[in-house]
Amino acid sequence: MTVALCATAIVVLALLWEVSLPWLDRKLEIRRANRARRADGVGVPGYDPGRERRAEQRARELLKSCVNEEEWAMYRDLGFIRVWGGESDGTGEDVVARDLRGVPYAYLVYPHRPIVAYLPQTGRLLNEYCVEFPDESRPYGSARLPDSDDVLAKWMALKGDERRLITEANMHLPGRQIDPKMLQRDIWRLGRWERERLERERRPPAQTPGAAGPADPTA
Amino acid sequence: MKFLRMRPGYGEQLIAEGDVEVADDQERLVEEFRRQLDQGMWAAVPVISESGRREAEMVRAFEDIPRMTDRVIFFPRAAGGAR
């Protein structure tokens, strides 16, 4: 009995070896090819956090140079930008819904997340517009723009041709990808941020010692 | 006028630069503009409105670029995201 079991086990092992040999060969071949490519410096470079950080820094500078001062401050402080809708279309028609009848609407623009249309007066969420700007040249293996470039692309497309962007996007009801509670919280944060900003602007500048008089031009 | 292109891993890249008043430069810019659009890029021009607000205009032809603009930004065309 034991001899029979041992013989069966040997046969099974031999068969497994036969079956797995081509698979092992393929794996070894891939590993050898990858090692050779790395040695030659050819192929897609790996993820480099330093490069991505530098790219994001450049993208932030570009965004700052293109959007309005309060929009930049909004992005810096809150992580998103509100863009008013219906500004780029000369027809006077609302792009997101025909039944708005002129009620002002706006979009919340997040990096690499859907654009969310909502009514600022009531906070009612209208739609999510899932849109991407994939760069298929994939210089470093990824088609994804830096965060701030993604926001700027959405901002420019909404400002320049809202209808075209919305037409290209996949429309969903709110809550498909972004938690509506998070959106409501962001709308509330935006309202508070705007009030505080307004108060700061209304407040007279603080007098610092020695700064009361006019600056000495010869200093 | 500068042509900038958004690219993954780079931020923006300067892809062409020239003076539109100089014929050779303009020809080169027109060629580059067409090449970018052929590659599926969208082109936008940051502008300042009469009220002083910063806005953007999408341009589909070189002739549509305002003469006074100093930069054109190219970015990949929009595609519908997660279904």
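**View 1. Overall contact between chain A and chain B.** In this predicted model, 45 residues of chain A are in contact with 30 residues of chain B. The two chains bury about 3,300 Å² between them. Carbon and sulfur atoms account for 54% of that buried area.

View 2. Between chain A and chain B, 5 salt bridges are found. One of the residue pairs joined by a salt bridge is B:Arg60 with A:Asp161, whose closest N and O atoms lie 3.1 Å apart.

**View 3. The side of chain A that touches chain B.** Several elements of chain A each supply at least two residues to this side: helices H2 (49-66), H3 (69-78) and H4 (147-168), together with strands S4 (124-132) and S5 (170-172). Helix H4(A) gives the most, with 12 residues. By residue class, the side of chain A that touches chain B comprises 21 nonpolar, 16 charged and 8 polar residues.

**View 4. Strand pairing between the chains.** Strand S4(A), which also supplies residues to the side of chain A that touches chain B, is joined to strand S6 (residues 79-80) of chain B by 2 bridges. The paired strands run antiparallel. Within this pairing, A:Val131 has B:Gly80 of S6(B) as its bridge partner.

Terms used: Residues are numbered from 1 along each chain as its sequence is written. Chains are lettered from A and ligands numbered from 1 in the order in which they are written. This is a predicted model: local features need pLDDT of at least 70, side-chain atom pairs count only at pLDDT 80 or more; totals for chains, interfaces and linings use all residues. Side-chain values use heavy atoms; hydrogens and water are left out. Contact means heavy atoms within 4.5 Å. Buried area is the accessible area (1.4 Å probe) that two parts lose on being put together, summed over both. A salt bridge is a side-chain nitrogen of Lys or Arg within 4 Å of a carboxyl oxygen of Asp or Glu. Helices (H or I, at least four residues) and strands (E, at least two) are DSSP runs, numbered from the N terminus. Ala, Val, Leu, Ile, Met, Phe, Trp, Tyr, Cys and Pro count as nonpolar, Asp, Glu, Lys and Arg as charged, and the others, Gly among them, as polar. Two strands pair if DSSP finds at least two bridges between them.
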